[in-house]
Amino acid sequence: MRPILHIIKVALFTLVSTALLGQQSSDLSMFPAANPGQTRYVINLPQLMEEHNFTVEVYVGIPMEIDCNDHFLSGQLIQQTVEGWGYNFYTFEGDGKVFSTLMGCPEADRHLEFVRAAPALVPYNSRLPVVIYVPEQFEVRYKFWTRIEREYRATNN
């Protein structure tokens, strides 16, 4: 019965967040403006009950035509703090080089995919926006994660 309740909870969260995202706006006056060559992305999270059960996975990348190899963007999101406010924001730091495995791929295997850097996990907090600064050529995408209620015990050997 519990897995069904978990599935229902996640489905309701997805429905509510899809309806609410993009409708909120935040006061960004305390956050620095984007530097030249950068874009500031803002994620406004809908208010949820039990927000401590959720996490936001934020990642930076670029859509590219790639082959069958695994591709990775060099760089990482660095957490910083707005002085005097204590609010966190994230800046993408890296050279933007794309690395890949080296398998031989047929030319017909090329397709468009979002090539991304390692993600950052951000605690869910609907009271504050998630603010991310990235170079202009990159995009920011995100996913929501939720924990299950069941707790497991580790064994000692």
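What is the mean pLDDT of the protein chain, and what share of its residues reach 70 or more? In this predicted model, the mean pLDDT (the predictor's confidence in each residue, from 0 to 100) is 87 for the protein chain, and 84% of its residues reach 70 or more. Over residues 18-23 the pLDDT falls below 50, and beyond near neighbours in sequence this stretch has six contacts in the model, a contact being defined by heavy atoms within 4.5 Å. Where pLDDT is low, the predicted coordinates should not be read in detail. Because the model is predicted, local features need pLDDT of at least 70 and side-chain atom pairs count only at pLDDT 80 or more, while totals for chains, interfaces and linings use all residues. Residues are numbered from 1 along each chain as its sequence is written, and side-chain values use heavy atoms, with hydrogens and water left out.

From the N terminus on, the order of the elements is α-β-β-β-β-β-β-β-β-β-β. Of the contacts in the protein chain with a separation of 6 or more, 79% are accounted for by residues 24 or more positions apart. Of the 157 residues, 29% count as buried, where buried means under 20% relative accessible area, exposed over 50% and partly exposed in between (1.4 Å probe, protein chains only).

Strand S9 (130-135) is mostly covered, with six of its six residues buried. Strand S1 (residues 38-43) is joined to S9 by six bridges and runs antiparallel to it, two strands being paired if DSSP finds at least two bridges between them. Strand S5, by contrast, is joined to S9 by two bridges in the parallel sense. Within S9, Tyr133 is the bridge partner of Arg40 and also of Thr91, whereas Ile132 stands opposite Tyr90. On its other pairing, S5 (residues 88-93) meets strand S4 (residues 76-81) in the antiparallel sense over six bridges, with Asn88 in S5 as the bridge partner of Thr81. The hairpin of S4 and S5 has six residues between the strands, and Gly84 there takes a positive phi near 85°.

The structure holds eight aromatic pairs, counted for rings of Phe, Tyr and Trp (its six-membered ring) with centres within 6.5 Å, planes under 30 degrees apart being stacked, over 60 edge-to-face and the rest tilted. One of these, formed by Tyr124 and Phe144, is tilted, at 5.9 Å centre to centre and 50° between the planes. This pair links distant parts of the chain, since Tyr124 lies in the loop between strand S8 (120-123) and S9 and Phe144 lies in strand S10 (residues 139-146), 20 residues apart. Tyr124 counts as buried because its relative accessibility is 7%, whereas Phe144, at 24%, counts as partly exposed.

Two arginines lie over ring faces (CZ of Arg, or NZ of Lys, within 6 Å of the ring centre and within 35 degrees of the ring normal): Arg116 over Tyr59, at 4.2 Å from the ring centre, and Arg141 over Phe114, at 3.8 Å.

Technical notes. Helices (H or I, at least four residues) and strands (E, at least two) are DSSP runs, numbered from the N terminus.
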